[in-house]
Amino acid sequence: MAYPTTRLRRLRKTAGIRSMVRETILTTDDLLMPIFVTHGVQIKEEISSMPGIYHFSLDMLNVEIDEIVRLGVPGIVLFGVPASKDATGSSAYDSNGIVQQATRQIKAKYPDLVIVADTCLCQFTDHGHCGMVHVHEVNGRTVGEVDNDASLTYLVKTAVSQAEAGADIIAPSNMMDGFVHAIRLGLDEAGYTDVPIMSYSVKYASAFYGPFREAAHSTPQFGDRKTYQMDPANAREALREAEADVVEGADMLMVKPALAYMDIIRTLRNQFDLPIVAYNVSGEYSMVKAAALQGWIDERAIVSEMLLGMKRAGADLIITYFAKDMAKWLQE
Ligand code: PBG
């Protein structure tokens, strides 16, 4: 008997047929655009390692938001770059903090644009860690450790003040144990029972955050984030992280970074029914931009393929610095 050739090319024959059998579609509704806001006036300052991404002062922000809304991008993730930093990151939970002000300003003009507030302290603390640092002596050496439970109080204050300012979704990215539970309780007690939590559930201690830390001035002043962010080698532990967040009341689960962690996106998709968010982080953006600026790659084709890949892996939503570009390309 002749060996039967499987004829897969029949369904690839024409663009029409290919589009009929296409399994995954990327749309503008899948995208969220990160935005950096800062104090001052007349500031639209490009982040050197992230061409095309800027710090905006409030007076310069509207033009950018107008464009995002016009392109149909459904939401943004707000990151604050404060004027001053201290040990507890008090500008993170100040009702007049930069994120709170930006949220009120944007909501006044665009009540329907979804504002996701990143809930963390690292941009706001003078030591650059995502929680409270407990300094003590060990064998005559001074060491600083990030104190889990002491941090929760400040993270809750931050989340509540962001909800008070009008944030639609709270996205805690600090990786303290129990942060979802603490923030859920805090939001509920303050009357924000209807504000969802998009938890950065599976956040790895990654070198891909490098450009963001330059952008947000949030590099830790000592040590690293490996005592709270996950070891890139671990996949089973990702399930424990996600499971804990589900039990604690998360409404969406995030995997971050995305490109080197597609297996984790797929695992979470298979295991949980909550919406899965992929964060296509700063380093992933910078690598593509750098190669594109050299003329080495076709930026549009590469970005489209990357973002489609994240959806195929199981992401429902993608936070990406390419959101505006991709939305433009999808319109063409
Ligand atoms: C704050 C935070 C970080 C990112 C998002 N929220 C930095 C970090 O954990 O060091 C990184 C985003 C990016 O690289 O695009 N904790």
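I began with glutamate 67, which forms a salt bridge with lysine 328, the closest N and O atoms being 3.6 Å apart. I then located both partners: glutamate 67 sits in helix 2 (residues 58-70) and lysine 328 in helix 11 (residues 323-331), so that the pair links distant parts of the chain, 261 residues apart. I note that the model is predicted. Lysine 328 counts as partly exposed, at 32% relative accessibility.

I turned next to a pair between helix 10 and the segment after helix 11. The side chains of arginine 300 and glutamate 332 meet in a salt bridge at 2.8 Å, N to O. Because arginine 300 lies in helix 10 and glutamate 332 in the segment after helix 11, this pair ties together parts that are 32 residues apart in sequence. I looked up the accessibility of each partner. Arginine 300 is partly exposed, with a relative accessible area of 35%, and glutamate 332 counts as exposed at 68%.

I then looked for salt bridges that share partners, and found that they join Glu64, Glu67, Lys324 and Lys328 into one network. How many salt bridges does a search of the whole structure find? I recorded 12.

I also examined aspartate 30, which forms a salt bridge with lysine 311; their closest N and O atoms are 3.0 Å apart. Aspartate 30 lies in the loop between helix 1 (15-20) and strand 1 (31-38), and lysine 311 in helix 10 (residues 299-313), so the pair ties together parts that are 281 residues apart in sequence.

I noted a volume of about 300 Å³ for the largest pocket. Its lining comprises 18 residues, of which Met175, Met176, Asp177, Tyr228 and Glu241 lie nearest the centre. Which helices each supply at least two residues of this lining? I found helix 5 (179-189) and helix 7 (236-248). Helix 7 gives the largest share, 6 residues.

Note on methods
Residues are numbered from 1 along each chain as its sequence is written. This is a predicted model: local features need pLDDT of at least 70, side-chain atom pairs count only at pLDDT 80 or more; totals for chains, interfaces and linings use all residues. Side-chain values use heavy atoms; hydrogens and water are left out. A salt bridge is a side-chain nitrogen of Lys or Arg within 4 Å of a carboxyl oxygen of Asp or Glu. Helices (H or I, at least four residues) and strands (E, at least two) are DSSP runs, numbered from the N terminus. Buried means under 20% relative accessible area, exposed over 50%, partly exposed in between (1.4 Å probe, protein chains only). On a 1 Å grid over the protein atoms alone, a cavity is a set of points where a 1.4 Å probe fits but cannot get out, and a pocket is an open set with protein on both sides within 12 Å along at least five of seven lines; lining residues have an atom within 4 Å of a point. Grid points are joined across faces, edges and corners, and a volume is the space filled by probe spheres set on the points.
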